[in-house]
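The entries follow the order in which I looked things up.

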Amino acid sequence: MSMQTLTVTTSTTTYPVIVAEGALTELAGQLAALGLRGRPWLITDTNVMPLHGSALLAALRTAGYDAQAIAVPAGEASKSIEVLGQLYDWLIAGGVERRDVILALGGGVIGDLAGFAAASVLRGIAVVQLPTTLLAMVDAAVGGKTGINHPLGKNLIGAFHQPRLVLADTATLTTLPPRELRAGWAEVIKHGVILDVGLFTELEQFATAVQGSGDQLAIDARMTAIIRRAVAVKVGVVSRDEREQGERIILNYGHTIAHAVETLSGYGHILHGEAVAIGMHAEARIALALGLCDEALVERQHALLCAYGLDPTLPPNLDPAALVAATLRDKKVEARKVRWVLPTAIGSVVVRDDVPEAMVGW
Ligand SMILES: NC(=O)c1ccc[n+]([C@@H]2O[C@H](COP(=O)([O-])OP(=O)(O)OC[C@H]3O[C@@H](n4cnc5c(N)ncnc54)[C@H](O)[C@@H]3O)[C@@H](O)[C@H]2O)c1
């Protein structure tokens, strides 16, 4: 599996990121190789526990680990102070020690929640990210952002806490609901647009091949390689800018509009990746209006989003004025100026804070 290992290297830490079909079967060996010999505390959700959690727990116990497991309710609502409190109760009553390791098995909700529990319990213990959604594989699991929501907003409480290992087993995607898988493709495509034209081309070719075979959900070596390439984009960005002081903002491409769309349509109605697809199309059109890119880029990106089952059209019922107002409340706003990430070519973006409000949401 060494051929498939990516490495995050920041000024403070370095850790392997493994993307492979069947990677979870290697977990016990990987923990030992990293010297993580304390007790594993497996945190997952109620959907993932029966699908992948129980088998993993059994495998760890067979390998000699005194592993424990807990499943929190599936869904964004679990990124709360109440559920975090339940995790602290479970860990502390169970006798968690500094040398132990939290295993975050699930989508981005579990990665963020369990990651923050690991960042804070006993002032910080090791965490291993085991993403089981496409979104978590290519985005949430890598980079060390952890946290929970506050009633007044998403992700307002948290910490940077880099994992010791990320193990993305693409075989787990076979059980993912198709809508969740589609939403994840938006982030994969985004990584192509911001930094990797070769990934974008590969996605175009893969879409054609899949359409030809009619076999949309087969998780095979080719899809795993594409996912690994998308993960590599994130690995590169966070290695160069761990704390989002510079380049890391480019991962926000499509997200300014996406967050506004999510806010205006009410959380839960539209998946994050679906909103990102809408945001990427709208933001590419802003780039076109500013003369930063040509029409061909907008069309090529639109075609690829559609090929992966995403609908990039701005919902017609969204009021443009409300959209502009919502973008100004985005976390990436500095001094009331929205910092837009805009494409100039496939594989290349610029950051601009001088976009006239009239260009947003037309
Ligand atoms: N930390 C970061 O850098 C970062 C980046 C992006 C997003 N996020 C966070 O990630 C969260 C969204 O993540 P998500 O889209 O993965 O959502 P999620 O964790 O809610 O997972 C989506 C759904 O899929 C289910 N599921 C997960 N894996 C499955 C599998 N293999 N088979 C069947 N069902 C499965 C879950 O139970 C859930 O119902 C948000 O809270 C967002 O804020 C964090």
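Entry one, the ligand shell. I sorted the residues around the ligand by class in this predicted model, and I counted eight nonpolar, nine polar and nine charged residues. The shell holds 26 residues, of which Asp45, Glu76, Thr132, Thr133 and Thr175 come nearest to the ligand. I then asked which elements each supply at least two residues of the shell. They are helix H2 (48-62), helix H4 (108-120), helix H5 (134-140) and strand E8 (153-160).

I looked up the distances from side chains to oxygen atoms of the ligand. For Asp45, an N or O atom of the side chain is 2.6 Å from a ligand oxygen. Glu76 places a polar side-chain atom 2.7 Å from an oxygen atom of the ligand, and for a polar side-chain atom of Thr133 I likewise read 2.7 Å to a ligand oxygen. The ligand taken alone exposes 860 Å², and the protein buries 87% of that area.

I found 12 helices and 11 strands. The radius of gyration is 20 Å, close to the 21 Å given by the globule rule for 362 residues, so the protein is as compact as a globular protein of that length. The C-alpha trace spans about 60 × 45 × 35 Å along its principal axes.

Of the 362 residues, 54% count as buried. The protein exposes about 14,900 Å², and carbon and sulfur atoms supply 54% of that surface. Among contacts between residues at least 6 apart in sequence, I noted that 75% join residues at least 24 apart.

Notes
Residues numbered from 1 in each chain as written. Predicted model: local features only at pLDDT ≥ 70, side-chain atom pairs only at ≥ 80, totals over all residues. Heavy atoms only, no water. Near = heavy atom within 4 Å. Polar contact = N/O pair within 3.5 Å; in protein donor to acceptor, adjacent residues only side chain to side chain. Areas by Shrake-Rupley, 256 points an atom, 1.4 Å probe, with all protein chains shown as cover. Helix = DSSP H or I, 4+ residues; strand = E, 2+ residues; numbered from the N terminus. Nonpolar A, V, L, I, M, F, W, Y, C, P; charged D, E, K, R; others polar. Rg over C-alpha atoms; globule rule 2.2 N^0.38 Å. Buried < 20%, exposed > 50% of the residue type's maximum accessible area, 1.4 Å probe, protein only. Contact = heavy atoms within 4.5 Å.
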